[in-house]
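Q: I am new to reading protein models. Can you take me through some features, one at a time?

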Amino acid sequence: NHYLFSVINIDGMLRDNRIIIRKFDQKNKLVQTFTKVFNPEDVSYLNNYLGSFESGTDKFIAITESYSKTSLKKEISKHVFDKQTGLFESSVIVTYPIESLSKSGTSMVKTSENNNYTGIDFIAAGPKGTPEVNFITMLDVNGNVLWKNENPLDPAFSTRSLTITNSGNAVLLRAPKSWKQTTALTLITKDGKEDKSFESAINVHDPKAVSIGTKDYLIAVNYPDKTRSCDFENIMLYDLENGKV
C-alpha cells in the first residue's frame with residue numbers, strides 16, 4: 001500500500017482546516033480516506049499548517065499552529081497518524097504568548113535530510129530596533145521534544161530561513177536590514193548559539209544541510225554582493241564546523 005497526504009487550510013467564513021490521508025492499494029485504487037480537523041472549536045482561532053514528516057514506516061506527523069486574539073497565545077501542535085490503527089492522536093508541543101493577531105510572530109518548520117530531526121522556529125514579534133528572538137524546539141523522529149532554546153539575535157538582521165542538520169542542530173539564515181551588510185548564519189545547538197560568517201560579501205538563498213561523513217555542510221545558490229547579475233550565479237558548499245566556503 002501507499003499513502004497520499006494533503007491539507008486544506010482555510011480560515012474565515014469558509015473555515016476548513018483538515019489533514020487528509022488517502023490509502024491506495026498496489027493497483028492505485030483508493031482503499032480508504034482518513035481525515036483530521038486541526039482547528040479548535042472556537043471560531044476566533046486562526047490556523048496554519050507548518051510542515052510534516054514520516055516517523056518510521058508506520059506513522060506520519062503533521063505540525064500545525066493555532067492562535068487567537070481572545071486567548072492571546074499561539075499553540076503549536078502535532079497530529080500523529082498511525083497506519084496500523086488508522087487513527088490520529090493530537091497534542092500541543094509548545095505554547096507562546098502573543099501581543100495581537102497582527103503581532104503574533106512567525107513560525108517555521110523544517111526536517112533534516114536524514115529525517116531524524118524536525119525543528120520548529122517561532123520568531124516572536126517585538127518592537128522595532130530590538131533583538132529578534134528565535135525560540136527553537138527540536139523534535140526527534142517520533143515527534144518528542146529533545147531540547148528547547150531561546151535565542152535573542154542581532155537586531156540588524158532578520159531570519160530568512162531555517163535549516164536542520166543531520167546531527168540535530170538548527171541553522172538560521174539571517175538577512176540584513178541594511179543594504180550595507182551581507183547575509184549571515186547562526187548555528188543553534190542545545191547548548192547555545194554561534195554566529196557564522198562568509199569570507200567574502202555574498203548573499204545566499206535558502207540553504208540545505210547535508211552530511212559528508214560525520215561533518216555537516218550547507219549547499220546553497222548564491223551571488224556576489226553588489227555585483228548581482230543572476231540570483232543563481234554560483235553553487236556554494238559551506239563547512240559548518242570551520243565556517244568556511
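A: Start with Ser68. Ser68 is buried, because its relative accessible area is 0%. Buried means under 20% relative accessible area, exposed means over 50%, and partly exposed is in between (1.4 Å probe, protein chains only). This is a predicted model: local features need pLDDT of at least 70, side-chain atom pairs count only at pLDDT 80 or more, and totals for chains, interfaces and linings use all residues. Residues are numbered from 1 along each chain as its sequence is written, and side-chain values use heavy atoms, with hydrogens and water left out.

Q: Where does Ser68 lie?
A: Strands (E, at least two residues) and helices (H or I, at least four) are DSSP runs, numbered from the N terminus. Ser68 lies in strand E5, residues 59-68.

Q: Which residues does Ser68 touch?
A: Contact means heavy atoms within 4.5 Å. Leaving out residues up to four places away in sequence, Ser68 touches Ser44, Tyr45, Lys73, Ile98 and Leu101.

Q: What joins the side chains of Ser68 and Ser44?
A: A polar contact of 3.0 Å joins them. A polar contact is a pair of N or O atoms within 3.5 Å; within protein, one must be able to donate a hydrogen and the other to accept it, and residues adjacent in sequence count only if both atoms are side-chain atoms.

Q: How many aromatic pairs does a search of the whole structure find?
A: Rings of Phe, Tyr and Trp (its six-membered ring) pair if their centres lie within 6.5 Å; planes under 30 degrees apart are stacked, over 60 edge-to-face, and the rest tilted. The search finds nine pairs. Take Phe5 and Phe60: their ring centres are 4.7 Å apart and their planes are at 45 degrees, so the pair is tilted. This pair links distant parts of the chain, with Phe5 in strand E1 (residues 2-10) and Phe60 in strand E5, 55 residues apart.

Q: Are Phe5 and Phe60 buried or partly exposed?
A: Phe5 is partly exposed, because its relative accessible area is 25%. Phe60 counts as buried, because its relative accessibility is 15%.
Now take a second pair. Tyr96 and Phe135 form a tilted aromatic pair, 5.3 Å centre to centre, with 45 degrees between the planes. Tyr96 lies in strand E7 (residues 87-97) and Phe135 in strand E10 (residues 132-140), so the pair ties together parts 39 residues apart in sequence. Tyr96 is buried, and so is Phe135.

Q: Which residues do ring pairs link into a cluster?
A: Tyr3, Phe34, Phe81 and Phe88.

Q: What is the phi of Asn28, and where does Asn28 lie?
A: Phi of Asn28 is near 65 degrees, a positive value in a residue other than glycine. Asn28 lies in the loop between strand E2 (16-24) and strand E3 (30-37). Asn28 is exposed, because its relative accessible area is 56%.

Q: And what is the phi of Leu72?
A: Phi of Leu72 is near 50 degrees, also a positive value in a residue other than glycine. Leu72 lies in the loop between E5 and strand E6 (73-82). With a relative accessible area of 37%, Leu72 is partly exposed.

Q: What separates the C-alpha atoms of Asp154 and Pro176?
A: They are 9.8 Å apart, while the residues are 22 apart along the chain. Asp154 is found in the loop between strand E11 (145-153) and strand E12 (157-164).
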